Amino acid sequence: MTAHAVESEGLATVIGLEVHVQLETDTKIFCGCSTEPAEKPNTNTCPVCLGLPGALPVVNEGAVEAAVKVGKAIDATIPAETTFHRKNYYYPDLPKNFQITQYDAPVCADGELEFTVEGQRHTVAIRRAHLEEDPGSLSHQGGSIDTAEYTLVDYNRAGTPLMEVVTEPDFRSPDEVRAFLAKLEEVLEYLGVFDATRDGSLRVDANLSIVDGSAVAEDGTVDDGVLEDANRTEVKNISSHKGAHGRPTCRRCAWPTGKSRSRSPSCPTHAASGSARSTA
Ligand SMILES: [Zn+2]
């Protein structure tokens with residue numbers, strides 16, 4: 001497997017995405033609670049999605065059907081059997097202390113999606129697309145997560161079906177990322193499994209790596225071994241196409257520079273040493 005890269009001043013950037021999509025179902029993925037937005041917090045809840053002792057999840061057939069539709073649309077392999085796992089971690093928006101997700105047997109694998117940028121066709125490989133449950137939502141009162149006086153938690157969202165679409169690092173530019181997300185949204189809406197108007201219904205994590213331009217082959221691909229040694233960062237929870245396209249980048253190598261939109265942003269490499277290249 002190889003990745004595509006965009007070259008800039010001797011360095012090249014490769015981008016891969018993890019896209020979290022809320023699937024449009026009437027009820028949550030493992031219980032009968034409504035997925036409709038509620039007026040009051042913590043009203044669309046039950047022992048299953050609150051993780052009370054003894055509660056047993058039962059998978060929502062509609063969520064599996066929606067996932068299979070997406071799999072067919074991206075030309076993925078749909079296995080005869082698929083398995084759910086518990087991913088254990090503690091966080092206040094996850095009352096069970098584990099998330100039900102899929103690990104080694106996802107519902108969709110080895111797909112692809114074609115899209116167009118300025119009249120040119122591109123195809124990005126999709127490694128896997130699996131089902132999981134959304135956690136609840138936190139509301140930090142009086143500031144950010146670091147400065148808030150206290151935080152409120154609402155479990156109405158906990159258990160909403162999510163599909164996580166994981167691409168290969170095949171993107172050459174932010175324009176391609178934006179076009180891919182628009183195309184994916186178009187496909188999901190056509191299938192009737194997605195509501196783009198719902199707040200937070202599509203969230204993106206972007207994995208960005210920098211490699212030496214000489215490691216990029218003539219067809220724009222980069223070997224996996226080179227990528228493993230590359231300087232890499234992950235930008236989490238981008239909630240719009242504009243966000244995915246418009247992350248501030250280093251003027252010299254297109255490396256994302258965080259939240260600050262300074263007039264002359266620099267990546268860790270170029271801010272620290274001018275022209276040195278890090279492969280840490
Ligand atoms: Zn419930």
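**Backbone and strands**

Author: Asparagine 97 counts as exposed, because it has 11 C-beta neighbours inside 10 Å and the cut-off for exposed is 12 or fewer. Keep in mind that this is a predicted model.

Reader: Where is asparagine 97 placed?

Author: Asparagine 97 sits in the loop between β4 (85-88) and β5 (98-101).

Reader: And what is the phi of asparagine 97?

Author: Phi is positive there, about 70 degrees, although asparagine 97 is not a glycine.

Reader: What about the phi of aspartate 110?

Author: Aspartate 110 is also a residue other than glycine, and its phi is positive, near 55 degrees. Aspartate 110 belongs to strand β6 (residues 108-117).

Reader: How many other C-beta atoms lie within 10 Å of aspartate 110?

Author: There are 15, so aspartate 110 is partly exposed.

Reader: Changing topic to β3. Is strand β3 mostly covered or mostly open?

Author: Mostly covered: of the 12 residues in strand β3 (residues 11-22), 10 are buried.

Reader: Which strand does β3 pair with over 11 bridges?

Author: That is strand β11 (residues 202-212), and the pairing is antiparallel. Within it, glutamate 18 has aspartate 205 of β11 as its bridge partner.

Reader: Which strand is joined to β3 by five bridges?

Author: Strand β10 (residues 161-167), which runs antiparallel to β3.

Reader: Which residue in β10 stands opposite valine 19?

Author: Valine 165 of β10 stands opposite valine 19.

Notes: Residues numbered from 1 in each chain as written. Predicted model: local features only at pLDDT ≥ 70, side-chain atom pairs only at ≥ 80, totals over all residues. Helix = DSSP H or I, 4+ residues; strand = E, 2+ residues; numbered from the N terminus. Buried ≥ 20, exposed ≤ 12 C-beta atoms within 10 Å, placed from the backbone. Pairing = 2+ DSSP bridges.
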